[in-house]
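Here are a few exercises to work through with the model open beside you. Try each task before you read its solution.

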Amino acid sequence: MNHELLYIVWDPSLIAFSLGPLSIRWYSLCWLIGLLLAYLVVRRLYKEQHIKDELFDPLFVYCFLGILIGARLGHCIFYQPDVFLTSGKGFVEMLLPIHFLPDGGWKFTGYEGLASHGGTLGLIIALWLYVKKTGVNIWTVLDNIAIATGITACFIRLGNLMNSEIIGKVTDVPWAFIFERVDQVPRHPGQLYEAIAYALLFFIMWAIYKKSPKHRVGTGWYFGFCLTYIFTFRFFIEYTKEIQEAFEASLPLDMGQLLSVPFVVVGVWCMMRAKHN
């Protein structure tokens, strides 16, 4: 069978739609949809657990800033320190969504480069600050956010797919994608693999939350399961993905795998702690 006939040629527009001079990219739209769905899910969880509305209201702001800042700093520090940490202009580009031009000007680019490991760490720090301010139990907050995490992560990876970034290795599987903005060879759609896995995570955790009283929100079990599931999957899916930076080629494991291990360890510890309690 000629697999080439089944390959998906992938070259969508980066722009989802335009409103006058303002153009909305698919990547930004996917991020917003993912965060909005998480917002709605956690709001429902708070209401079902009789947590006051005024304690929910600031949560979205903490989460949004924590994920965005953490993901941006994580990408710049872990994957491209030679670009962003070696010059003043690079440092400014790390913090602001702009790119300096050779002629001395600059242009708005949005944040091109966000790392999920950094976003997860940023989210955890933001939730800790939220707990310090509101007094809500930390494990209750972490569990509720964990239940909604899968749906957000799914849409973020769909955004990566629309950007033709974080591509997979060359393959001859019949469902391979040809990312025309990258090259003309069939590759694993690693972003799609992750999006499907994260959507499945959301439905699994929602089903457990609804049907398994022994797994109670506030024990840390959902948070531990979320970390363990996501970063175990991330560790193994990296074998189908191209390295993002050249220096990773000399490492026994790529950067995504190295950064996944601590999160898996923490996740397993949280699940064991919940079971013990």
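Before we start, one definition: a helix axis here is a line fitted to the C-alpha atoms over the stretch in contact, and the angle between two axes runs from 0 to 180 degrees between N-to-C directions. Keep in mind that this is a predicted model.

**Exercise 1. Describe how helix α3 packs against helix α6.**

Solution, step by step:
- Begin with what to report: two packed helices are described by the angle between their axes and the distance between the axes.
- Find the two helices: α3 covers residues 59-78 and α6 covers residues 116-134. Their axes come within 7 Å and cross at roughly 145 degrees.
- List who touches whom. From α3 the contact includes Gly66, Gly70 and Gly74, and from α6 it includes Gly118, Gly119 and Gly122.
- Sort the contact residues by class: ten are nonpolar, six polar and one charged. Lys133 of α6 takes part in the contact, and Lys counts as charged.

**Exercise 2. What does the salt bridge between Asp11 and Arg181 tie together?**

Solution, step by step:
- Check the distance: N to O is 3.4 Å, and the cut-off for a salt bridge is within 4 Å.
- Asp11 sits in the loop between β1 and β2, and Arg181 in the loop between β6 and β7, so the bridge ties together parts 170 residues apart in sequence.
- Look at accessibility: Asp11 is partly exposed at 42%, and Arg181 is partly exposed too, at 34%.

**Exercise 3. Which parts of the chain does the Lys210 and Glu48 pair link?**

Solution, step by step:
- Confirm the bridge: the N to O distance is 3.0 Å.
- Locate the ends: Lys210 belongs to helix α8 and Glu48 to helix α1, 162 residues apart.
- Read off accessibility: Lys210, at 41%, is partly exposed, as is Glu48 at 31%.

**Exercise 4. Is Arg187 buried or exposed, and where is its salt-bridge partner?**

Solution, step by step:
- Identify the partner: Arg187 bridges to Glu242, with the closest N and O atoms 2.8 Å apart.
- Judge burial: buried means under 20% relative accessible area. Arg187, at 8%, is therefore buried, whereas Glu242 is partly exposed at 31%.
- Widen the view: shared partners join Arg157, Glu194, Arg234, Glu238 and Lys241 into one salt-bridge network. The model has twelve salt bridges.

Note on methods: Residues are numbered from 1 along each chain as its sequence is written. This is a predicted model: local features need pLDDT of at least 70, side-chain atom pairs count only at pLDDT 80 or more; totals for chains, interfaces and linings use all residues. Side-chain values use heavy atoms; hydrogens and water are left out. A salt bridge is a side-chain nitrogen of Lys or Arg within 4 Å of a carboxyl oxygen of Asp or Glu. Helices (H or I, at least four residues) and strands (E, at least two) are DSSP runs, numbered from the N terminus. Buried means under 20% relative accessible area, exposed over 50%, partly exposed in between (1.4 Å probe, protein chains only). Contact means heavy atoms within 4.5 Å.
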